[in-house]
Number of protein chains: 8
Amino acid sequence: MPDKRADVAIIMGSQSDWATMRHAAETLDALGISHDDRIVSAHRTPDRLVAFAKGAREDGFKVIIAGAGGAAHLPGMAASMTALPVFGVPVESKALSGQDSLLSIVQMPAGIPVGTLAIGRAGAVNAALLAAAVLALNDTALAVRLDEFRQAQSDKVALRPSDEA
Amino acid sequence: MPDKRADVAIIMGSQSDWATMRHAAETLDALGISHDDRIVSAHRTPDRLVAFAKGAREDGFKVIIAGAGGAAHLPGMAASMTALPVFGVPVESKALSGQDSLLSIVQMPAGIPVGTLAIGRAGAVNAALLAAAVLALNDTALAVRLDEFRQAQSDKVALRPSDEA
Amino acid sequence: MPDKRADVAIIMGSQSDWATMRHAAETLDALGISHDDRIVSAHRTPDRLVAFAKGAREDGFKVIIAGAGGAAHLPGMAASMTALPVFGVPVESKALSGQDSLLSIVQMPAGIPVGTLAIGRAGAVNAALLAAAVLALNDTALAVRLDEFRQAQSDKVALRPSDEA
Amino acid sequence: MPDKRADVAIIMGSQSDWATMRHAAETLDALGISHDDRIVSAHRTPDRLVAFAKGAREDGFKVIIAGAGGAAHLPGMAASMTALPVFGVPVESKALSGQDSLLSIVQMPAGIPVGTLAIGRAGAVNAALLAAAVLALNDTALAVRLDEFRQAQSDKVALRPSDEA
Amino acid sequence: MPDKRADVAIIMGSQSDWATMRHAAETLDALGISHDDRIVSAHRTPDRLVAFAKGAREDGFKVIIAGAGGAAHLPGMAASMTALPVFGVPVESKALSGQDSLLSIVQMPAGIPVGTLAIGRAGAVNAALLAAAVLALNDTALAVRLDEFRQAQSDKVALRPSDEA
Amino acid sequence: MPDKRADVAIIMGSQSDWATMRHAAETLDALGISHDDRIVSAHRTPDRLVAFAKGAREDGFKVIIAGAGGAAHLPGMAASMTALPVFGVPVESKALSGQDSLLSIVQMPAGIPVGTLAIGRAGAVNAALLAAAVLALNDTALAVRLDEFRQAQSDKVALRPSDEA
Amino acid sequence: MPDKRADVAIIMGSQSDWATMRHAAETLDALGISHDDRIVSAHRTPDRLVAFAKGAREDGFKVIIAGAGGAAHLPGMAASMTALPVFGVPVESKALSGQDSLLSIVQMPAGIPVGTLAIGRAGAVNAALLAAAVLALNDTALAVRLDEFRQAQSDKVALRPSDEA
Amino acid sequence: MPDKRADVAIIMGSQSDWATMRHAAETLDALGISHDDRIVSAHRTPDRLVAFAKGAREDGFKVIIAGAGGAAHLPGMAASMTALPVFGVPVESKALSGQDSLLSIVQMPAGIPVGTLAIGRAGAVNAALLAAAVLALNDTALAVRLDEFRQAQSDKVALRPSDEA
C-alpha cells in the first residue's frame, strides 16, 4: 500500500528505469523529503496510470517526478490527469541515447506542462532538487536544508584539477 | 453521435491536425472505406481518450489511425488501451518539423505496437492505405479496389519529366 | 522450400539482422502464429525480392514483417510489389544507431505504406504484435490469445522498483 | 522599479524573446498571478543577472520563468544563483530552430536544476501553467482557478474536426 | 521511346524531382554529354525500375544519375540491378529537408555502391560533373571541355565581394 | 590589389556569403580595425587559397576571419597553411541550415585549430569581436574602444520588454 | 616512390584511417585493380595534398578514393585540384560517429563533385566497387570480374537465417 | 594561490573535464607557454566564475581556455565578463556525445564571442594551439616555436599507411 503521506511521488515506466530514478530517490532522502517510488507503465498499465494520476493530489502528493525512456509518455500523461506539478526525467534509451525520451517529454503542447530535466542520472538528481525547491517555498526548514545542500555542493568544488582524481 | 459501424477511426490531437489527417479521410473515401473522424486530445481530454480506446473494438472499429504532433502521445496511448491495430501519423511540428512527433510515436517499448507512417500528408495517405491493406485481407471487393487504386497510381507516373508540370 | 501456409513472412536483409528479427519470430511463436523466416537482400538479391514480394499473397502470406538496417530499402521495396500489409523494423546500425534505418523505412512517399516500428528489438517484438492484432481481426481464438498476452504483460509489471532487479 | 511583490519573475535574454515570452505573461494574467517581466541578458548584462538572481528570493519572487535562445545560458545561470524553482523556455532560434536553445537549457549538470518546457510559444504558456501549479500548492483559490482553466481547456476541444476551422 | 544511345541516364522518382534534377540535365548539356531523362518510381513503378536497371548497360548507358527524396530507394535499387556506376542525388524533402533522402541514399551496405552527392541543386549539378569526369577518362575531347568548364568556373570567382551582387 | 597593411583578412567562399560576412566587416569598421575582404573559394580557386594563406603573415595580416557554408573547407584549409589565428564563421546553408557548415568548420583534428563562431550573422559579428579581442592584447587604444563597445552594448539592453519593439 | 601506373589512388588523412580504408584496398585487390595507398593530410600536409592532387592525372591515376574523418576536407580539396573522379569515404569519428565526416564530404557546393559512400567499412568497400564500375566501362575483362564478384556476392546470401551464424 | 603571471588560464567546469583539458595543458607546456589550470563551475561556483572572469585581465592572463560539457555555460559566461579572447572546448557528454556541449558553447549571440574548438581531446589540443597563435603575434620566439611545432607535426605524417601501426 502506498505511503499516502509522502510529499513526492517518483514514478517510472519500468523496473529498468530504476537505475536512473534511484538517484532522484537518494537525493530526496539526502534532503529529508518523503517519497513514494512506483512503477507505472503508461503503455502496459494504463489503468494504473489513470488511477495514480487522478488520485495523486488526494493521496497527498505535492510533486510528481516521472521518468521514462523512448516514446516516453508517462510524464505527459500523468500531467494530463493531475494539476500537480510534474517533473519529467528522460531516461537514456539504447539506440538514440535518450534523444527520443527527451523530445517525447519536453515537447508538450500548450496547456499541459511537464518541467523536463536532463537525460539520465543528472536529470534524476535535478528532478529531486527542483521538487525540493518547490516544497521549500512553504517549508522553511527544508529551505535551510536545501541552501546547505547547495552550499556544500559548491564547497566541494576543488580549486584545481587533480591528476589523481 | 459517432457512427459505430465505421471500420476505421481517425483520431487526432487537435483541430489543427485535420489539415494533415484529412488526407487519410479522403484516401479512405476513395477506397470506399467507412471512417469516423474525431478529435481526441491525449493531454487535454484524457477521459475521452480512455473511453474511446477502451470502447473502440466494441464500437465496431477494426483499425485506428491516430495523428498527433510534438510530444505525440495519442497513438501510443490509444494502443495501450486497445488490441486493435493502431497506425500513427506524425504531424509536422513547428520548431522541429515533426522529428519530435516521429520519435514520440515510433519509439514505443516492446509490448505495445504502433505502426508508424511518414511525417505529414504522405503519412496520412499511407495510414489509410495500410488500413485498407489490413481490411482487404478479409474483404475481397476491397482487395480488388485497392489493387485498382495501386494500379492507377502506377499508371499515372509519366515516362518523362515535363517542364510544364 | 518455404512453408507456403504460414500467415506471416519475416524477411530480413542479411544474416546479421536475425539477432534483432528473431524477437519477432519468438513473439509470433508465443502467440501461436505461423511464420516463415527468410533472408531477402534488396541490394544483393533483388531478383529474390521481386519473386518474394510479387508472390507473397499467392503464397498465402497475410502480413509481411521486414527488417533492415542502414539504407534500409527492403520494407519499402517489398511494399511496392505487394498489396499485403508490410511492417518495417529498423535494425540498429553501427555508425548512426539506426537513425538511417528508421528514416529509410518510415519516410515512404504517399502511395506505398510501411507501418514502421521502433529501432531494434522492441520494434521486432512489436511488429509481431501488430501482425497479431491484424490477424486477430478475423481469428477469434487469436484475439483471445492476444488479449491474454497483453493482460499477462500488464500483470507482470511490479508495483515498486526493486534494488535486486 | 520592479514590483517586488510579484510572485513570478519572467526574465528573457533580449527584447526579441518577448514575442515568445509574452505568452507566459498572458497565461499568468489569465490565472490572476502577479508577475514582473524583465530583460536580463546573461551575456550582455551579467551584472544585472547576478543582482537579479541573488536577490530574487528576497525580492519576494517564488518562481522564475526564464526564456532564451541559441546558447541559452540565462535559465541555468539564474538557477545557479538562487534556490527558487526556475523554469526554462527555449526560444526558437533562426538557424537551428531552437534545438540549440533546448539543449543549452535542459542538459544541466546534476546539482542545479532547470525545469524545461517546450520550444517556443507552447513552452512559454506551459511555464506559466507550471508556475501556477507550484503556487497552487499553497493557494487554494489559485488551485480552483487552475482547475477551472484546465477544465475549460478540455471543454473547448471539439468532438470532430471542422473543415471551416 | 528512349534514346538508347545516350551516355547518361537521369532517372528520378517523380515529376516533382525534376525541379532539382534538371540542373543535372543542364550541366550535361553544357558539357555536350548526351542524356536520357526519365521518371522511374521505385515504389509506384517497380517493374519499370527493374526493366530500366537490368537493361541499362545493354541500352548503352554508361552512367546513371538517380535523384529521389524521403525514403529514397531509387538510386540504391538501381545500383542493385546494374554494374554501371550510379550517382545519387538526395532531393530536398519537405519535413526533414533532405536528411532522410541523404541517409537513404548514402548509407548503402557493403556490396552495392551509390556515389552520393549533396542535397538538392548542388548535388544535381555535381552528379553531372562527376559523370563527366568518369566519361572523360576515355574521351579526350570531353576531358578538354571539362577542364575548360572548371577553368571558366574558377575564372568567374570575383576577387572581392560586391554589395551590388 | 589587396591592402597589405590591413590587420584582419575577411575571406569567404563565394559572393553569396557576403550577406553574412559583411556583418564582420561592419563590426571591424565600428571598432576602427582595418580589414581586407576577399572571395577565396577553397574548391573553385584552390590556387588563390594557397597563395593567400601562405602569404597572409607576410602580407601583414594578424588575424584571418573565414566564412563558408555547406562542406565548408575554407577556414580549415587556410589554417593548415598559416600560423596566424583563424576564426571560422559557418554560413547558414539551404537544406541543413548551417549544421553542415558548423561541423565542417569546428570538428578540426588535433594540430590545426579554427576558432569557430555561431552560424550566420551572430557568428560574423562575433568573429570580428574576437579578432578585436586578440588585437587589443597589444593595442591599448583598441582595448579601450572594445571596452566601450561592450559597455555600450550592455547599456542598450532595456530593463523591460516593450510591446512596441 | 609511388607506383605511377596504379589505376586507383587511395588517400587518407591519417594512419588511423587505414583500419577503415584497408577495406577499399582489399576489395580492389580482390578485383585485380592496381592501387597506390598513401597518407595525405589536408591539414597537416597541405603541400603534399596539392602536389598529389595536381599531379594525379599525370601520374596515371584514373580514380581517387579519399577517406577522412571529422572535419573531413581531404576528398573535397583533392577534387578541387583534379578533374579525375573522386570518391569520398567518411571515416567514423569518435564523438559524432561520422556524421561530421559525412556532411563535410557530401555537402560540396555546385562545381566540384565528390561521390560519397557510406560511413566506415561499408563505404570503403563500396568506394572500391564504384571505382571498379568506372574502370570497367573501358576494361571488358574487369567488367567480367566485377559481374562475377557481384554474382558471387548474391549467391552467398543464405535463404534462411541461421541461429549458429 | 593562482599564478598571476601565467599567460593562459585553463578553466573547466569540473574535475571530470580534466581528462580532456589536460591535453590543452600539455600542448601549452610543449610550446613553453605558462598556464594556470583551475576548476570553475559556472553552476556550482558562480561567485568563483564572476571573480575569475572579472579579474582575469588584471591577473595578467591574455587568453582564456574554457572547457565544459552538457549545458556548457562556462565559456560563454566567462566571455560575458572579460574582454580577453575566450576559446571554448566542448567536452564529450555521456548521452549526447558532446552535441549539447558544442551547441551550448558555439551558438553565442552577437556581442559576446567564444572561439569554439572541436569536441573532446582534439579541441583541447587546438585551443592551446590557437592560444599560441594569438600570443605569437607579439612574441617572436614563440612564433618560431609554433612554426617548428607545426613543421614537426607535418614531418611526422608517414607517406604510406602501415599495417603495424
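By a turn of how many degrees can chain C be laid on chain A? Select these two chains to begin the tour: chain C can be laid on chain A by a turn of 90 degrees and a shift of 0.0 Å along the axis, with an RMSD of 0.0 Å, the copies being superposed by least squares on the C-alpha atoms of residues with pLDDT of at least 70 in both. That is the relation of a four-fold axis.

Before going on, keep in mind that this is a predicted model, in which local features need pLDDT of at least 70 and side-chain atom pairs count only at pLDDT 80 or more, while totals for chains, interfaces and linings use all residues. Residues are numbered from 1 along each chain as its sequence is written, chains are lettered from A and ligands numbered from 1 in the order in which they are written, and side-chain values use heavy atoms, with hydrogens and water left out.

Stay with chains C and A, which bury about 1,400 Å² between them, 51% of it on carbon and sulfur atoms; buried area is the accessible area (1.4 Å probe) that two parts lose on being put together, summed over both. Now colour C:V157, C:R160 and C:P161, which supply 42% of the area that chain C buries against chain A, more than any other three residues.

Next, select chains G and E, where the contact takes 42 residues from chain G and 42 residues from chain E. The area buried between chain G and chain E is about 3,100 Å², and carbon and sulfur atoms give 60% of it. Chain G can be laid on chain E by a turn of 180 degrees and a shift of 0.0 Å along the axis, with an RMSD of 0.0 Å, which is the relation of a two-fold axis.

Finally, move to chain H and select helix α1 (residues 18-30) and helix α5 (residues 121-136), which pack at an angle of about 30 degrees with their axes 7 Å apart. Helices here are DSSP runs (H or I, at least four residues), numbered from the N terminus, and their axes are lines fitted to C-alpha atoms over the stretch in contact, with angles running from 0 to 180 degrees between N-to-C directions. Helices α1(H) and α5(H) are therefore roughly parallel to each other, a description that covers angles under 35 degrees. To see where they meet, show the residues of the contact, among them H:M21 and H:L28 of α1(H) and H:V125 and H:L129 of α5(H).

Notes
Helix = DSSP H or I, 4+ residues; strand = E, 2+ residues; numbered from the N terminus. Parallel < 35°, antiparallel > 145°, perpendicular 65-115°, else oblique. Contact = heavy atoms within 4.5 Å.
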